[in-house]
Amino acid sequence: MARIRAAAARSTAVDLSKLLSSFTTDIVCHAVSGKSFRGGGRNELFRELVETSSKLIGGFNLEDYFPKLARLDVVRRMVCARAERIKKKWDDLLDEIINDHAKNTMLDHEINQDRETDFIDVLLSIQQEYNLTRENVKAVLVDMFIGGTDTSFIVLDCAMAELIQNPEVMTKLQAEVRSVAEGKEMVTEEDLNGMIYLKGVIKETLRLHSPVPLFLPHLSMADCDIEGYTIPSGTRVIINGWALARDPAYWESAEEFMPERFMENVGSTMIHDFKGSNFHYLPFGTGRRVCPGMNFGMATVEIMLANLMYHFNWDLPAATVKINMTESFGVTMGRKENLILVPALAQKQV
Ligand code: HEM
């Protein structure tokens, strides 16, 4: 916020994508490991690990389409070598963090019993009870880091890109946020309940720009038939949530950004619920593998977007005519180009 405020005072542009990405990384790193990864080049290493892992998990796998290639084993060996290199880097980083925690936990027992606990503390405290190996703990942590950082960032980045291209929506959202939080220094969590349009804007962003458009790869546990097609047990199954969320059979003017569609019939579970029961709207997946960070992710996006609307008016830099919405592909899918915008202070702050 301080950096945006400084840019607003100078009327210069900010790289909003970069700021939002570092905000969501900080929030997840704090919740999981109790500290930010900014120091000692850790942030860059962390971004590299998340990005490469995302590409490895979500990448196009030639052998799925040409199974004969599997016999040659060339592709598999190449992918495995890359995965091994990344695993080694994750191992080094996580070993360091877990060792720090184990050491601090012992010291804290003697010195400071009031220290806030983070996700690693919780995992270590139940390690023996649930028979978790260090590899298990590291696997859960990698899952949380990859699952939590890019996703919330992509929603914020795409929401801002859509808002700047739909000024009437931005004006309506600013009016709501500014009236609910009027006179306050910051929008806080308790203000969010009164912001119905904000929730509509975020839901519409999740519909058009779902950060995990094909969910995670699933594996069928038994043979099953779907509309005449047999899916054998052990098949890697990919579900196209992106296509469902843009299917004109379910959505009127499916390609348009219209938060109002989520305002109709408030209270009806039909189109408002993203918790996994409406199969044409599954931004967090569904079933046993549904996103465990749903509430955390929504809270992060809501509080940041509300504050961006509360404090600032936004414009494109003079030389930019249109925002490029082209997306790049991995297990998460976000916009390729960084979002550069010019902020202006909206009102005299208290
Ligand atoms: C708005 C933000 C988010 C969106 C849109 C989102 C979406 C998703 C989706 C679609 C899946 C796959 C579900 C499936 O395959 O059925 C998933 C899985 C997952 N998400 Fe999220 N997510 C978000 C935020 C978060 C956050 C903040 C965390 C943790 C801090 C998180 C942790 C995870 C994990 C660990 C999984 C894997 C679950 C498993 O393997 O069973 N997510 N998420």
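A polar contact is a pair of N or O atoms within 3.5 Å. A backbone N or O atom of Leu-216 lies 3.1 Å from an oxygen atom of the ligand, so this pair falls within that cut-off. The model under discussion is predicted.

- Gly-147 contributes a polar backbone atom, which is 3.1 Å from a nitrogen atom of the ligand.
- The elements that supply two or more residues to the shell around the ligand are α8 (134-165) and α14 (294-311).

**The shell around the ligand**

- The ligand is surrounded by 23 residues.
- The closest of these residues are Gly-147, Leu-216, His-218, Arg-289 and Cys-291.
- Helix α8 provides the largest share of the shell, with 7 residues.
- By residue class, the shell consists of 12 nonpolar, 9 polar and 2 charged residues.

**Strand pairing around β9**

- Strand β9 (residues 340-345) pairs with strand β1 (residues 14-15) in the antiparallel sense, over 2 bridges.
- Within this pairing, Leu-341 in β9 is the bridge partner of Val-14.
- Strand β6 (residues 312-315) also runs antiparallel to β9, and 4 bridges join the two.
- Here Asn-313 stands opposite Ala-344 in β9.
- In a regular strand, side chains alternate between the two faces of the sheet.

Terms used
Residues numbered from 1 in each chain as written. Predicted model: local features only at pLDDT ≥ 70, side-chain atom pairs only at ≥ 80, totals over all residues. Heavy atoms only, no water. Near = heavy atom within 4 Å. Polar contact = N/O pair within 3.5 Å; in protein donor to acceptor, adjacent residues only side chain to side chain. Nonpolar A, V, L, I, M, F, W, Y, C, P; charged D, E, K, R; others polar. Pairing = 2+ DSSP bridges.
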